[in-house]
Amino acid sequence: MDEIVKTIGLKNNCTFCGVFRRQALDRGAALMRADKLVTGHNADDMAETVLLNILRGDIARLSRCTFIITGEDGPIPRCKPFKYTYEKEIVMYAYFKKLDYFSTECIYSPNAYRGFAREFIKDLERIRPQAILDIIRSGENFRISTSTKMPEQGTCERCGYISSQKLCKACLLLEGLNRGLPKLGIGRSRGLNSAKEDGEQRMLRSEVKGSNLQSKQCGTLDF
Amino acid sequence: MRLTLEFGGGLDLLCNSVKIHHVDVDPKTGEDKLSMRDLLSWIKSNLIKERPEMFVKGDSVRPGVLVLINDCDWELCGSLDAVLEEKDMVVFISTLHGG
């Protein structure tokens, strides 16, 4: 991550970190032949995510982010058992049970957008603690208008990972890092198959050689 | 008044990386009781060596910081108006961290 930040600076590194970590988790789970992947997302995280997606107009994610189980039709479903547990409860539990408690703050993105959503949620919690659960409840009950076009799930042409575009985000970001194009894959394409994103991707797919780092083929991982 | 203060969840980094402090705090001149409000401003002036905005916001602790007075959530004891007594233990735990 240090090297990535050296290349791209202090903005948009959440995208890199999140995408790479998520794929690393999924691939690691596949290598270990796991049946399920369970993460520790808590109620505060869920509420922040709902707000964040509203603030950014990310309809695709808004529809999925409150599911307690995702990827059921895939090889390794993912689940968030602490979805309704407040961060405060978890911290108090860890304190009273004297559990090993890691509390490192991310050093790469001090001005991350999520930080603002988090600050807001914390202020809300002070006034009306139930707000956190209520936000999650609202998120669960969102229904996307049928006239909104949603992305379809396919596979990455390069590595075989699941993707809604021709190239998965990880391949796109990796390519950007290799070529010194830190903005590749950052920022939203207008519309689903916009000319800009298609153009970028077409350019990348036609390159056969030239990358020093490349995503390993997913085919060998029995995805 | 002798008190024990403990900082967890990364807050100790604001106090020279010392987790447990044994301190002697006097009530404000003219008052005989020490409230949490007074203690907070005392801590801000005397113990917090950097980034005070991580610990206090306005009159109170930054939202996201848990406060326990003798292992009891301070919201049950009156929050800022809670009155402290000799040998009380106050714990501050930050719940804000990345994952």
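Reply:
**Salt bridges and the A–B interface**

A network of salt bridges links Asp44(A), Glu87(A), Lys122(A) and Glu125(A), a salt bridge being a side-chain nitrogen of Lys or Arg within 4 Å of a carboxyl oxygen of Asp or Glu. This is a predicted model, in which local features need pLDDT of at least 70 and side-chain atom pairs count only at pLDDT 80 or more, while totals for chains, interfaces and linings use all residues. Residues are numbered from 1 along each chain, chains are lettered from A in the order in which they are written, and side-chain values use heavy atoms, without hydrogens and water.

Over all chains the structure holds 22 salt bridges, and five are counted between chain A and chain B. One of the pairs that cross between chains joins Lys57(B), in strand S4 of chain B, to Asp123(A), in helix H6 of chain A, with the closest N and O atoms 3.1 Å apart. Lys57(B) is partly exposed at a relative accessible area of 36%, and Asp123(A) is partly exposed at 27%, where buried means under 20%, exposed over 50% and partly exposed in between (1.4 Å probe, protein chains only).

Turning to the interface as a whole, 17 residues of chain A are in contact with 24 residues of chain B, contact meaning heavy atoms within 4.5 Å.

Within chain B, Lys19(B) forms a salt bridge with Asp12(B), at 3.7 Å between the closest N and O atoms; Lys19(B) is partly exposed at 47%, whereas Asp12(B), at 10%, counts as buried.

Definitions and conventions. Helix = DSSP H or I, 4+ residues; strand = E, 2+ residues; numbered from the N terminus.
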